[in-house]
Amino acid sequence: MGAKYECIVVGAGPAGSAAAFTLAKSGVEVQVLERGHVPGAKNVSGAILYTNTLNNLIPEFRAEAPLERSIVRQRYSLLTADAELTILDLSAAAFKSKPRENAFSINRRKFDAWFADKAGEAGAVYQSGIRADRLIRDPAGKICGVETSEGRVSADVVILADGANSTLAKQVGLRKRFTPDKVALGVKETLSLPRGAIEDRFNIEADEGASFKYLGEPVHYSPGGAYILTNNDTLSIGVVLRLSDLSVKGVKPYELLESFKNHPRVRRLLDGGVSQEYSAHILPELGYDHLPQLTGDGVLVTGDAAGLLNVVFHEGINLAMASGLMAALTTAAVRENGGYSSTSLKAYNKMLHESFVMKDMKSAMGFHKIMEERPDYFDKLLKSAVRFATDAVSITDKPKNEQIASAWKTFRSSYGWTALAKEAFRLWRLVS
Amino acid sequence: MTLPTNAHASASLIEDKLSKVQFINHADSHLAVRDQQTCRRCVLRPCVDVCPGAVYDYSNEEGLSVAYENCLECGSCKIVCEFDNIEWNYPPGGFGVDYQWG
């Protein structure tokens, strides 16, 4: 240690390695500091990898990367204690070929290690097993390096890709202390199952994957959710909900996970699965208007550390990669423009805002508003929707039109016309 | 509000889940309680409820105990502690949870 690089990247996740790869390709001397003993050892996600950015970085990734299954089936359901109403179940062959093939299940340990290797081959220097303890400022206040247990490393620019907890961004005042209503906890279990059983149960072919997502009872009707994702010969099963909702419910996260696994509409999908691992991670559900400061003098913040998470469409890894790429392009431009100045890094913010990253963060603001103002929103909506569907299709001695009218009347007893129109508009705005 | 589940069943559930997690634990804890008196005054002790690794336990005799060896490094405990009473850090480089699947 004690070395000097043009750029130091803290964290070897998708944001950090996208940044390191891009920097190395641009000929910038870059060192990556990773606290895990190998890249991937600390990283957890759902985990669907959306490859829109990866495709630009490494177009041949499909042949090279350790991918699990190509997600061709996406299913969204509302769960109550004893019913399941599937609101979307889309399987399309189009998702199996370019240009639409862009969602894969992955094992983060394997994938993150591969991505780091690619950046290493491009020329980035990886130092694993080193914790970045503090950012160092020069006498003028510019951030000029990182203090680690192994000593100091100096750099013109430091890119923070140190994950949701980003202790370094907090230390230099780029972000405030988190509050429990702006952070979700995800707990997950990986269960092994024979490949054939996975394909039969999820109705997919050998090279296909499925993503099942659930709202409602598994997270006690809070604005969180649960999921099952198919890997090669394992399933990822998880629940995600805000820390504020978790504290209020007074139930432990692993109890929620276990209840979800044992839900009558879920358990048979997992039957016989053998637990391989249990994991946990937080999600920064800050929302666009509570994002941390993304640039400082000598520092850029990317990925989860920057709160770049799309809570409506459950995207994170692609936003992380895109932000890492843009942070790297901004840093690479420093040298071309004749050296670092205090305004060198402003372009990063502009680049993010012109891309899908900030446009999607802005679109998700409606959802964040609902989470802030109406934490019970999903309780009434989901229960009423499931009740309506159940009533409407029940066979009784009543004529059909009476049966459906009566179901509708029950539904309408919870929602007046104006309320109904508002909810419909709100739902539409959430996805548009 | 869910009724408190059987404490024994809950302990056995998390013990079972943690047995599937690999750790490279350091001899020293990376987590610390700043002031036990604050925990004694705390009514809800949300750290105990939200921690996915059951790291925290409270008793009148012992106060708040910290089983750092079970820490999944998520950071939830320090976020829910309204008294900012948990000194939270990552384990030293190379140590701590070692996810194989993530």
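Guide: Two residues are in contact if their C-beta atoms, placed from the backbone, lie within 7 Å. This is a predicted model: local features need pLDDT of at least 70, side-chain atom pairs count only at pLDDT 80 or more, and totals for chains, interfaces and linings use all residues. Residues are numbered from 1 along each chain as its sequence is written, while chains are lettered from A and ligands numbered from 1 in the order in which they are written.

Visitor: How many residues does chain A bring to the contact with chain B?

Guide: Both chains take part. Chain B brings 34 residues, and the number from chain A is 42.

Visitor: Which helix of chain B gives the most to the side that touches chain A?

Guide: Helices (H or I, at least four residues) and strands (E, at least two) are DSSP runs, numbered from the N terminus. Three helices of chain B, α1 (7-18), α3 (46-50) and α4 (76-80), each supply at least two residues of that side. The top contributor, with 5 residues, is α1(B).

Visitor: How many residues on that side of chain B are charged?

Guide: Ala, Val, Leu, Ile, Met, Phe, Trp, Tyr, Cys and Pro count as nonpolar, Asp, Glu, Lys and Arg as charged, and the others, Gly among them, as polar. The side of chain B that touches chain A has 19 nonpolar and 10 polar residues. The charged ones number 5.

Visitor: What radius of gyration does chain B have?

Guide: Chain B has 4 helices and 6 strands. Its C-alpha trace spans about 35 × 30 × 25 Å along the principal axes. The radius of gyration is taken over C-alpha atoms, and the globule rule is 2.2 Å times the number of residues to the power 0.38. For 102 residues a compact globule would come near 13 Å, which agrees with the value for chain B, 14 Å.

Visitor: Is Val28(A) buried or exposed?

Guide: Val28(A) sits in the loop between α1 (14-25) and β2 (30-34) of chain A. A residue is buried if 20 or more other C-beta atoms lie within 10 Å of its own, exposed if 12 or fewer, and partly exposed in between; C-beta atoms are placed from the backbone. Val28(A) has 22 other C-beta atoms within 10 Å, so this residue is buried.

Visitor: How many residues of β14(A) are buried?

Guide: Strand β14 spans residues 234-242 of chain A. Both of its faces are covered, with Thr234(A) among the buried residues on one side and Leu235(A) among those on the other.
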